[in-house]
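Morning, everyone. Let me put the structure up, and then we'll walk through it.

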Amino acid sequence: MKPPKFLKSVISLTFYVLFLKLIATGFTFIIFLFGSSSRLSSLDYINIVASDRSREAATALFSLEMVYTVIIFYAVYIIRKIIKDLEKDRLYTNLQISGLSLSGKLIIGVVFLQVIAEFITIIVFDNKLEVSVSFENDLGNPFLVITIGLFLIYLGKIFENSARLKTENELTV
């Protein structure tokens, strides 16, 4: 069973875009850290006012952005490896089983990390407690992203069960 070429193209494009984002974010972070006159007016979750704490806030937010990007990049890398493995007409391998589960857990972990980091960032850098039902992150609706992560974990369980059944079937024949 070979995956559709469209799926392979989308995953490869996502992989390279995330790689470029990782390089661009890292380069911008380095320039910001070592540039003496660099100032940042806003970044992702909160607006940073020009104060003594703005550099601390920007450093924390850049660091979080790097962590998010690395985790998502690794999850997409694993999915890309799984698709390459599927192209070889091999089904239910350990790479596919563990890779699907791990990528799902990474995706869910990033969403929870983003929600917690946003909450802590608001408390620490804005000095106020703000609770809202609205979630905004780089990945889109967090409930949709969590659903995708859970689907990947569930698909890993299906592959694990199928591998066990395949082994039992081969032993009886």
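Reading along the sequence, you get α-β-β-α-α-α. That makes four helices and two strands in the chain. Keep in mind that this is a predicted model.

Now the chain as a whole. It has 173 residues, and 36% of them count as buried. The accessible surface is about 11,100 Å². Carbon and sulfur atoms hold 67% of that surface. Next, contacts. Take those with a separation of 6 or more: 71% of them join residues 24 or more positions apart.

On to the loop between H2 and H3. Helix H2 covers 52-87, and helix H3 covers residues 94-126. Which residues here have a positive phi without being glycine? Asp89 is one of them, with a phi of about 60°. Asp89 sits in the loop between the two helices. Tyr92 is in that loop too, and its phi is about 65°. Tyr92 has a relative accessible area of 28%. Buried means under 20% and exposed means over 50%, so Tyr92 counts as partly exposed.

Last stop, the surface. Which residues form the nonpolar patch? They are Phe112, Ile116, Phe119, Ile120, Ile123 and Val124. Together they have about 510 Å² of accessible area. Look at Ile120, which belongs to helix H3. Its relative accessibility is 44%, so Ile120 is partly exposed. Patch residues need over 30% relative accessible area, and Ile120 is at 44%.

To recap: a loop with Asp89 and Tyr92, then a nonpolar surface patch that includes Ile120. Over to you for comments.

Conventions: Residues numbered from 1 in each chain as written. Predicted model: local features only at pLDDT ≥ 70, side-chain atom pairs only at ≥ 80, totals over all residues. Heavy atoms only, no water. Patch = residues over 30% accessible without salt bridge, like charges linked within 9 Å, V, L, I, M, F, W, Y side chains within 5 Å. Areas by Shrake-Rupley, 256 points an atom, 1.4 Å probe, with all protein chains shown as cover. Salt bridge = Lys/Arg side-chain N within 4 Å of Asp/Glu carboxyl O. Buried < 20%, exposed > 50% of the residue type's maximum accessible area, 1.4 Å probe, protein only. Contact = heavy atoms within 4.5 Å.
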